[in-house]
Structure formats: C-alpha cells, structure tokens
Amino acid sequence: MQENIILKSTITCPHCGFQKEEAMPVDACQYFYTCTSCNTRLKPKHGDCCVYCSYGTVKCPPIQMNKSCCS
C-alpha cells in the first residue's frame, strides 16, 4: 500500500485547456466537474471512475490506495 496519498490534482479541461488545482475527496469519487473557465461539465472517460482519473494530474485517493472506487 502506498504511504503518501496525494490529495490535490490539477484538472485540465479538454474543451478549453484551462487548468485548475483542486482538492480531491478522500473517500468518494467526483463524477462531475464544471470548468470554471468555459462552464463545460466534465464527466469521466469510459473506464475511469471519476474526473480526476480522466482529466487530473493525479488519480483519486481510492485508486492511489489500490482500493475499489465508486462501488
């Protein structure tokens, strides 16, 4: 198990390219995210559990801990 869980991730909007660092929830997935620049509502890509796993620089904490996410 990984000891140092990273709790912040920078999300990049695939529509406009805007980037913003966000704090990730520790025990849940964030399925939707609204870009603060263009207001596009993001949802995970097929096969990903949350927007951080799809568009973030760091995967969500449950995935970092090799645990089931969004069960």
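**Burial, polar contacts and cysteines**

In this predicted model, the largest nonpolar core has 14 residues, and Ile 11, Leu 42, Cys 50, Val 51 and Tyr 52 touch the most other members. Helix H1 (residues 51-55) supplies the largest share of this core, 4 residues.

Q: Why is Cys 50 called buried?
A: Its relative accessible area is 0%, and buried means under 20%, so Cys 50 qualifies.

Q: Which residues is Cys 50 in contact with, leaving aside its neighbours within four places in sequence?
A: Happy to list them: Cys 29, Gln 30, Pro 44 and Cys 60.

Q: How many disulfides does a search of the whole structure find?
A: The search finds 0.

Q: Why is Ser 9 called buried?
A: Ser 9 has a relative accessible area of 1%. As for its place, Ser 9 sits in strand S1 (residues 8-12).

Q: What does the side chain of Ser 9 reach?
A: The side chain of Ser 9 reaches the backbone nitrogen of Val 58 at 3.0 Å. The backbone nitrogen of Thr 57 also lies 3.0 Å from a polar atom of that side chain. A polar contact requires N or O atoms within 3.5 Å, and both distances meet that limit.

Q: Which residues does Ser 9 touch, not counting those up to four places away in sequence?
A: Among them are Lys 20, Glu 21, Glu 22, Met 24 and Tyr 52. Gly 56, Thr 57 and Val 58 are on the list as well.

Q: Why is Gln 64 called buried?
A: The relative accessible area of Gln 64 is 10%. Since buried means under 20%, Gln 64 is buried. Gln 64 lies in helix H2 (residues 61-64), and its side chain reaches the backbone oxygen of Ile 6 at 2.9 Å, a distance within the 3.5 Å limit for a polar contact.

Terms used: Residues numbered from 1 in each chain as written. Predicted model: local features only at pLDDT ≥ 70, side-chain atom pairs only at ≥ 80, totals over all residues. Heavy atoms only, no water. Helix = DSSP H or I, 4+ residues; strand = E, 2+ residues; numbered from the N terminus. Buried < 20%, exposed > 50% of the residue type's maximum accessible area, 1.4 Å probe, protein only. Polar contact = N/O pair within 3.5 Å; in protein donor to acceptor, adjacent residues only side chain to side chain. Contact = heavy atoms within 4.5 Å. Core = buried A, V, L, I, M, F, W, Y, C linked by side-chain atoms within 4.5 Å. Disulfide = S-S within 2.5 Å.
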